[in-house]
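Let's take a friendly walk through a protein model. Have the sequence and the 3D view ready, and follow along one stop at a time.

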Amino acid sequence: MDVDDLILVSVDDHLIEPPDLFEGGLPSGLQDRAPRMHGLDDGTYVWRFEGEEIANIAINAVAGRPGEEWGTEPTSLDELRPGTYDIHERVKEMNANGLLGSMNFPSFPGFCGQLFSRVADKEMGLATLQAYNNWHVDVWAGSYPGRFMPLGVVPLWDARLAAAEVRRIARKGVHAITFSENPYKLGYPSLHTDAWDPLWEACSDEGTVVCMHIGSSSELVVTSPEAPIDVLYTLTPMNIVQAAADVVWSHILERFPTLTVALSEGGTGWIPYFLERIDYVYSQQHAWTGQDFGERKPSELFHDQVVTCFIDDAFGLESRSHLNIDNLTWECDYPHSDSTWPRSPEKVAASLEGLDADSIAKITHRNAMRIFQYDPFSTIPEENCRVAALRSLAVGHDVSIVPRGKRVKYGRRMGDMMAPQR
């Protein structure tokens, strides 16, 4: 395998919203209430919207900074690489990393746009949400055709409105939405009700993938305030394990057989045991629990309709005989602290060692292209989509680690992560 010949498509990256995102994007009567970025006296910044202040947490955008400067305190744009919030710089960052395509999750609104749904004035919430989607499609992704898989946000307070937004943005070429890994934790109906059926139906009709990102329930696994934050980072995949269990046992997949769910940033090493466990639970317990999957096993539904992804997961790939390789995808996670940028090709190549060329192509780009209806080759010749070709466009682009100034850190314990950021 020649690293330079790889074609890489990441199904999970993130953007830091730029200050001008909402300029002119809302109806005239609501424009003066749009979210706005404000600088604080300490040099950090916050977004203000309908009585809320939302800071960007530094750990969300540490690409290019030395590890000793990472932390959970609020930050300012001056401390971030411009590629986190400037689309033109983002493409340079992608080129330098040999990355062809990217899907970008929100930051300040929450991984599934929770902020827009918390607004008491639902007219304002919907208008702001739609303005965000329009910007994401037309400005962010639309600035560089062939380089991005657009991702939509939906109103969580009304499944029929959510379904309508899925259909609206599908007409704009959006075939993925970000949705909570556990809406019950956000105060909405759980996956074990039929409340979301209009949304599942719309996604099925439009071929729209439902992406459930870790942390999109606004909760992470916290064992105690005294535990080091390393415990939280170790346990973050447990959120997605819980989501996977809900998805399987809710019978959503069975009732909507053309629906596809993606477990974003979930990793893969846990999946073989999870599949073994759900099948064992079904065979042992279904007589009294009342579960009935007919002639199929729960694991078969998971294999057919659930998309999984990994950043750097050698064990998961070693267990690939227990996975559906046709639904296995890769992610870069730029600019988060787990990201492999700017050496993603070299990192993933080590995990892919020993796989045949067809499997490598599926994992690195073909699966993502098929699942998310993404066709970069219609815009960019395939030979120009490979690592070496893209990196040749970024000659002179500085990807070195640059100190941005030592900051006081208070994010070393779980209790600090749970505390207010200001």
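Two residues are in contact when they have heavy atoms within 4.5 Å of each other. With that in mind, look at Ser117, which touches Lys122, Val154, Pro155, Leu156, Trp157 and Tyr188, leaving out residues up to four places away in sequence. This is a predicted model, in which local features need pLDDT of at least 70 and side-chain atom pairs count only at pLDDT 80 or more, while totals for chains, interfaces and linings use all residues. Residues are numbered from 1 along each chain as its sequence is written, and side-chain values use heavy atoms, with hydrogens and water left out.

Ser117 sits in helix H2 (residues 114-118); helices (H or I, at least four residues) and strands (E, at least two) are DSSP runs, numbered from the N terminus. Is Ser117 buried or exposed? Its relative accessibility is 2%, so Ser117 counts as buried (buried means under 20% relative accessible area, exposed over 50%, and partly exposed in between, with a 1.4 Å probe and protein chains only). The side chain of Ser117 also reaches the backbone nitrogen of Leu156 at 3.0 Å.

Helix H4 (residues 159-170) and helix H5 (residues 197-206) meet at an angle of about 15 degrees, and their axes are 7 Å apart. Here, axes are lines fitted to C-alpha atoms, for helices over the stretch in contact, and angles run from 0 to 180 degrees between N-to-C directions. H4 and H5 are therefore roughly parallel to each other (angles under 35 degrees count as roughly parallel, over 145 as roughly antiparallel, 65 to 115 as roughly perpendicular and the rest as oblique). Which residues meet? Among them are Ala159, Val166 and Ala170 in H4, and Leu199, Ala202 and Glu206 in H5. The residues of this contact between H4 and H5 divide into 9 nonpolar, no polar and 5 charged; Ala, Val, Leu, Ile, Met, Phe, Trp, Tyr, Cys and Pro count as nonpolar, Asp, Glu, Lys and Arg as charged, and the others, Gly among them, as polar.

Now turn to the backbone. The peptide bond from Tyr334 to Pro335 is cis, with omega near 0 degrees, and Pro335 lies in the loop between strand E11 (328-330) and helix H11 (344-352). A cis bond also joins Trp341 and Pro342, and Pro342 is in the loop between E11 and H11.

Finally, His251 is not a glycine, yet its phi is positive, near 65 degrees. His251 is buried, with a relative accessible area of 15%.

Conventions. A polar contact is a pair of N or O atoms within 3.5 Å; within protein, one must be able to donate a hydrogen and the other to accept it, and residues adjacent in sequence count only if both atoms are side-chain atoms.
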